Amino acid sequence: MGKLQSKISFHSTKYRADGSVEKTGPGRGVQQHNPVHADAVTSVAALKADLCVSGGKDKSVAVCNWRSGAVLRRFVGHEHEVTKVTCDSNRIFSASRDKTVMMWELHGTSGPSQHFPGHDLVVTGLAVSPDATQLCTGSRDNTVCKWDVETGGCLGRAAVSRNLVTHLCWVPGEPYVIQTSEDKTVKTWDSRELRVAQTFPGKQHIQTCCDVSQDGRYVLSSSSGFAGEGCEATLWDLRQTRSRVREYKGHFQTTTSCVFLPRGPALAPSIATSSYDSKVKVWDQDTAACLATACLEGAGPLASLAVCDSSTLLCATFNSGIHLLQMRNGANLELEELAVF
């Protein structure tokens, strides 16, 4: 697994903000590695250094070197597809349609080191506390649970009517967890008491994903939609919950993932989004201008984004595995597709 296939495309593809494509000549190709998963990749997360973790419909969790495409570890234990993955420096957490959450040791045995049972429906949200001692999970059963990572014990369970959880993320350095929901809202949970501390104004469409800026000031959420109706990402100020700060519009189908980008080739604060329309977009956080667009032809719906470093993104797709994208800053910011695995 992970060895370079004999067939390599000898063209590098660059995408600009207007969606135009530039093909460059031989010598720099999109490297086609063996697929990490045998079916759709549903979630991807950056682990550390050059490593990433992914989960798929093939029920497995994989640890890969994203530079080489090599699979270093594979964990199998779920009975149905993996829906979400997240991690701390040495442990991996996976959620599944089988209603379970498992913890795996990066340098441990091939079996799960901890189980977190308790949800009644598919688990759709995972978030690890900044000190890595607690785990929050969310499900389509309308509940959010808090767990002790070491013992696997449930520290709390809270149910909110119609709160079909779609994503969770922990605010850096704080006891707060951000959650998106099929009820079209974004919520802030106080993990100490496991209660909803605040709810942002409802949107017109299901909120599919969320992320928090590294300074803990801003929240991003993404929306479902079709034919350009909805499909936006929204920036919220955690200190002011009654109004949204900005919207990022340009996708034509459900926006599935949204992430804050560290300062890099795009000198201005930036964010990235992925969509069922097979496109990844990079946006100026302050002006909402689209800086670059990558159209991953043949990839089908895009499921998840992960930030590797200041210039590198991973994108999980339904039809063609994981794509490695790099941002390059020339006359205009460009997204260059480097590899697929």
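Start by selecting strands β8, β9, β10 and β11, which form an open sheet in that order with antiparallel pairing; strands here are DSSP runs of E with at least two residues, numbered from the N terminus, and two strands pair if DSSP finds at least two bridges between them. Colour β8 (82-87) and β11 (114-115) next: each has a single partner strand and stands at an edge, so one side of each is left without a neighbour in the sheet.

This is a predicted model, in which local features need pLDDT of at least 70 and side-chain atom pairs count only at pLDDT 80 or more, while totals for chains, interfaces and linings use all residues. Residues are numbered from 1 along each chain as its sequence is written, and side-chain values use heavy atoms, with hydrogens and water left out.

Now move to residues 91-96, strand β9, and residues 101-105, strand β10, which pair in the antiparallel sense over 5 bridges. Within this pair, select A95 and look across to V101 in β10, which stands opposite.

Then zoom out to the whole protein chain, where there are 33 strands and 0 helices. Its C-alpha atoms fill a box of roughly 55 × 45 × 35 Å along the principal axes. If you show the surface, 57% of the 341 residues count as buried, meaning under 20% relative accessible area with a 1.4 Å probe, protein chains only. Finally, display the contacts, defined as heavy atoms within 4.5 Å: of those in the protein chain with a separation of 6 or more, 44% come from residues 24 or more positions apart.

Definitions and conventions:
Helix = DSSP H or I, 4+ residues; strand = E, 2+ residues; numbered from the N terminus. Buried < 20%, exposed > 50% of the residue type's maximum accessible area, 1.4 Å probe, protein only.
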